[in-house]
Amino acid sequence: MLYLTSDNFPVFVPFGVIGFYRYLWYLIRIAASFTYRPVPLPENPTYIASEDVTIIVPTIDAGEEFKEAANSWLAGKPKEILIITEEKMKGPLQELANQVDPDRIRVLTVPFANKRLQMAHGIRNTTTDIIVFADDDAIWPPTMLPYILACFEDQKVGGVGTSQRVQPVGKRMTVWEVLAAFRLTIRNIEIASSTHIDGGIPCLSGRTAAYRTIILKDPEFLHGFTHDYWLGKYQLNSGDDKFLTRWMVSHGWSTYVQCCKEAELLSTMKPNWRFLKQVLRWTRNTWRSDLRSLFMERHIWTSHPYVAYTMVDKLFNPLTLLVGPTLVSYLTYKSTIPVDQGGYHLPWWNIAASYMVWLLATRTAKLLPHLWHQPEHIIYVPAFIIFGYYFAIMKIYALFTLHETAWGTRAGIGDPTAATAATEKDPVSSSEKGGYVATPSTSTQPHSHQAHYTPAVEMQTGFTPQAAYGGQMAYVR
């Protein structure tokens, strides 16, 4: 390929700059992830799982795998687990809960399947200081909760995330699951590096994330969370984790991610082509949320400039990724033309082979953190390369279909607007805007949170912040 530059060197300059830029930032991320350190366990913890943690699990189709997940959650000794489902699924889920631990697992229902409404219902029924949201198939190590709670020793931290790894559905991973595992490895590097560089993260993944209850009990949050619209008319059901992350940033709360084996969850992925539908939904959520963060809310620029940079980079990533095959196609065409007619002297197969060797070498290098632990997955690197180009095209398609808000991979998820209206008919489960606004505390004293609070909040939610946070509240007159 270098010899080819003797034909027309200026053609390669912009593409060389793009390649240098991308791999320079990749090396920066790798370096930052290696210097990142998780928050260690405190000697005298402020928060104890058995007193301060409620796990909320919104689900509509949990199966036998739920038992393994629930047992892993209970190993951390939370005070309570709330399973929030639709009414027709209460019976089967109650049977599963009874088989695991009927004393610490409660099953609650909402009229229709809607993840955000299920999460909001769980929030209203929580009485502990910390809420942990978990997917119904997320399997935790027994050290998960102590390491999550360690981050909340800093009273400015409002949300905490974890690293992740794929657990196969069957005995062996399918190619789709390996692709998901590759993506999670790269994501673990990205979130560790961004947390280390400026303390931010693009998204606290909904597979498992913890928040201070006082933040989520805010009626303004609950209303915004369940009445979230794209362009003012397309109500959103998925993308709940993106909303929660943006809320932390816009309301002055810090976040942290525990990237370590002690806080690494296992999660199943779609073992077939439906994985692509998952990725499409995630991609639309990313577009919508990142555009809001960068150009509408804009808090991210001052709070976490490095994360803002990564968001901007992802906006152009599909175009820069497609530059490579476009250039190679052009060079291949030029190589079929005689040199005396303006063609290139190298044969087309030489260009194509050089490009494939380059792709295999660089993509394998990017996946080394994963291949170090599972070297047998090296045979899937070509599939990862093909998926990368498919993903670039899909990102462009997703950008032009942001109005499509359907879940895509789960049956039974209906119209979110109708579900919200049905829920609001019940005055107990509906919330009005207003109330208190929780803000980060700079105090180092345990449970010394500052927030604006009105008695109406207690009547609506059944939550008494004075008791939970030592009575240090600022009242609104």
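Analyst: In the protein chain, 78% of the contacts with a separation of 6 or more are between residues 24 or more positions apart; contact means heavy atoms within 4.5 Å. The model is predicted, and local features need pLDDT of at least 70, side-chain atom pairs count only at pLDDT 80 or more, while totals for chains, interfaces and linings use all residues. Residues are numbered from 1 along each chain as its sequence is written, and side-chain values use heavy atoms, with hydrogens and water left out.

User: How many helices and strands does the protein chain have, and what share of its residues is buried?

Analyst: The protein chain has 19 helices and 13 strands; these are DSSP runs numbered from the N terminus, helices being H or I with at least four residues and strands E with at least two. Of its 477 residues, 52% are buried. Buried means under 20% relative accessible area, exposed over 50%, and partly exposed in between, with a 1.4 Å probe and protein chains only.

User: What makes helix α10 largely enclosed by the rest of the structure?

Analyst: Helix α10 spans residues 240-250, and ten of its eleven residues are buried, so the helix is largely enclosed by the rest of the structure. The buried residues include D240, K242, F243, W247 and M248. After α10 comes G252, with a positive phi near 80°.

User: Why is N285 called buried?

Analyst: N285 has 9% relative accessibility, and the limit for buried is under 20%, so N285 counts as buried. This residue lies in helix α11. Leaving aside residues up to four places away in sequence, N285 touches S238, G239 and K242.

User: What makes K242 and D290 a salt bridge?

Analyst: The side chains of K242 and D290 meet at 3.5 Å, N to O. The definition asks for a side-chain nitrogen of Lys or Arg within 4 Å of a carboxyl oxygen of Asp or Glu, so the pair qualifies. Side chains of opposite charge can pair when their charged atoms come close.

User: How many salt bridges does the structure hold, and how exposed are R104 and D101?

Analyst: The structure holds eleven salt bridges. R104 pairs with D101, and their closest N and O atoms are 3.1 Å apart. R104 has 26% relative accessibility and therefore counts as partly exposed, whereas D101, at 14%, counts as buried. E264 and K261 also meet through their side chains in a salt bridge, at 3.1 Å, N to O. E264 is buried at 13% relative accessibility, whereas K261 is exposed, with a relative accessible area of 54%.

User: What makes the largest nonpolar core a core, and how many residues has it?

Analyst: A nonpolar core is a set of buried Ala, Val, Leu, Ile, Met, Phe, Trp, Tyr and Cys residues joined through side-chain atoms within 4.5 Å. The largest such core has 43 residues, and V166, F182, F275 and F387 have the most contacts inside it. Two or more residues each come from α7 (175-198), α11 (274-297), α13 (305-335), α14 (348-366) and α16 (381-399). The largest share, eight residues, is supplied by α16. F387 touches L179, R183, F275, L276 and V279, not counting residues up to four places away in sequence. Apart from this core lies another, of 40 residues, with I55, I130, I148 and V160 among them.

User: Which residues make the nonpolar surface patch, and why is I28 called partly exposed?

Analyst: The patch, of about 360 Å², is made by F20, L24, I28 and I197. Patch residues must have over 30% relative accessible area and no salt bridge; nonpolar side chains (Val, Leu, Ile, Met, Phe, Trp, Tyr) are joined within 5 Å, and like charges within 9 Å. I28 has a relative accessible area of 31% and is therefore partly exposed. I28 is found in helix α1; this helix (residues 13-35) gives the most to the patch, with three residues. Accessible areas come from the Shrake-Rupley method with a 1.4 Å probe, and for residues only the protein chains shown count as cover.

User: Which residues does UniProt list as "transmembrane region"?

Analyst: The unreviewed UniProt entry lists residues 12-28, 315-333 and 377-400; such annotations may be inferred rather than shown by experiment. In the model, residues 315-333 are 100% helix and 0% strand, with end C-alpha atoms 30 Å apart. Residues 377-400 are 79% helix and 0% strand, and their end C-alpha atoms are 34 Å apart.
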